[in-house]
Amino acid sequence: MARPPSDHSESNRTMNNQAVLNHPLVQHHLSVLRDKNTPPQLFRTQIHLISMLIAAEATKDLKLQDCRIQTPIEETSGRKLSQRISIVPILRAGLGLVDPILQLLPEAEVWHLGMYRDEATALPVEYYCKLPKDSPADVGIVLDPMLATGGSIRVAIAALKRWGVPDIRVISVIASEDGIAALNAEHPDVSVYVGAVDPVLNANKFIVPGLGDAGDRMFNTRHA
Ligand code: PRP
């Protein structure tokens, strides 16, 4: 029988530069997401909710600058985000995280990366990359709900580093222990925020127990 997903007793388990969100709402919505009977519309909703919850943790140290605001009553001081932030969804499944993160970071830039995993080798194949060559953002946030071998996200991080982004973070929904370890080994400077870390990858490099193929479940292409 497959081992259960890790059960972390702390509210958020933070190790090195990774955080596993053990918030009850994340765990609740993740359980709905994992259920094979969850239909595409609800699957997209769960991805949306979990992304927002993880994003709250992943953005908790963004820089602010003071500002003045006129309320309906009087003028007062406030604080607004001061950094140039880029979010980088990995097609296809990363698209499901774009709207929720843009709701929280409405002024963020969105740069898409297209990648799929070769079924024979499980290695990422890049088919679209329009990242600029200069004027890097201050913060780059890679979005992909799945971190299996970590190959796709590692390639995305390398692209952000070539662009010159000094502060790179990853928001993912579910990861494997091996994928996290490989990512940490190659990019120890990158912070990773996930909803759960599952224990193993199967022979096809799928996360176990996982949630299946996020892209297919999100876009209702399981039977194609
Ligand atoms: C899935 C997933 C990640 C990648 C994870 O994409 O969305 O991008 O695989 O695997 P890795 O960590 O081993 O690289 P997939 O190749 O299924 O493409 P899709 O999103 O277009 O369905």
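**Figure 1. Leucine 25 in helix H1.** In this predicted model, leucine 25 belongs to helix H1, which covers residues 24–34. The relative accessible area of leucine 25 is 42%, so the residue is classed as partly exposed. Between leucine 25 and arginine 79 there are 54 residues of sequence separation, and their C-alpha atoms are 28 Å apart.

**Figure 2. Threonine 45 in helix H2.** Helix H2 spans residues 40–58 and includes threonine 45. Threonine 45 has a relative accessible area of 37% and is therefore partly exposed. The view also takes in histidine 29, whose C-alpha atom is 9.2 Å from that of threonine 45, at a sequence separation of 16 residues.

**Figure 3. Polar atoms facing ligand oxygen atoms.** In the side chain of arginine 92, an N or O atom lies 2.8 Å from an oxygen atom of the ligand. Arginine 117 likewise places a polar side-chain atom 2.8 Å from a ligand oxygen atom.

Figure 4. Leucine 91 and arginine 92 are joined by a cis peptide bond, with omega near 0°. Arginine 92 is in the loop that runs between strand E5 (85–91) and helix H3 (98–104). The side chain of this arginine 92 also supplies an N or O atom 2.8 Å from a ligand oxygen atom.

Figure 5. The bond between valine 208 and proline 209 is cis, and its omega is about 0°. Proline 209 is located in the loop between strand E16 (207–208) and helix H6 (214–219).

**Figure 6. Serine 135, a residue with positive phi.** Serine 135 is not a glycine, yet its phi is positive, near 50°. The residue is part of the loop between strand E8 (124–129) and strand E9 (139–143). With a relative accessible area of 49%, serine 135 is partly exposed, because the exposed class requires a value over 50%.

**Figure 7. Asparagine 220, a residue with positive phi.** In asparagine 220, also not a glycine, phi is positive at about 60°. Asparagine 220 is found in the segment that follows H6. Its relative accessibility is 52%, so asparagine 220 counts as exposed.

**Figure 8. Arginine 169 in strand E11.** Strand E11 (residues 167–171) contains arginine 169. The relative accessible area of arginine 169 is 5%, so this residue is buried. Its side chain makes a polar contact of 2.8 Å with the side chain of aspartate 167.

**Figure 9. Aspartate 178 and glycine 179 in helix H5.** Aspartate 178 lies in helix H5, which runs over residues 177–186, and glycine 179 is in helix H5 as well. Aspartate 178 has a relative accessibility of 53% and therefore counts as exposed. For glycine 179 the relative accessible area is 0%, so glycine 179 is buried. The C-alpha atom of aspartate 178 is 7.3 Å from that of valine 200, with 22 residues of separation in sequence. From glycine 179 to tyrosine 127 the C-alpha distance is 22 Å, and the sequence separation is 52 residues.

How values were computed
Residues numbered from 1 in each chain as written. Predicted model: local features only at pLDDT ≥ 70, side-chain atom pairs only at ≥ 80, totals over all residues. Heavy atoms only, no water. Polar contact = N/O pair within 3.5 Å; in protein donor to acceptor, adjacent residues only side chain to side chain. Helix = DSSP H or I, 4+ residues; strand = E, 2+ residues; numbered from the N terminus. Buried < 20%, exposed > 50% of the residue type's maximum accessible area, 1.4 Å probe, protein only.
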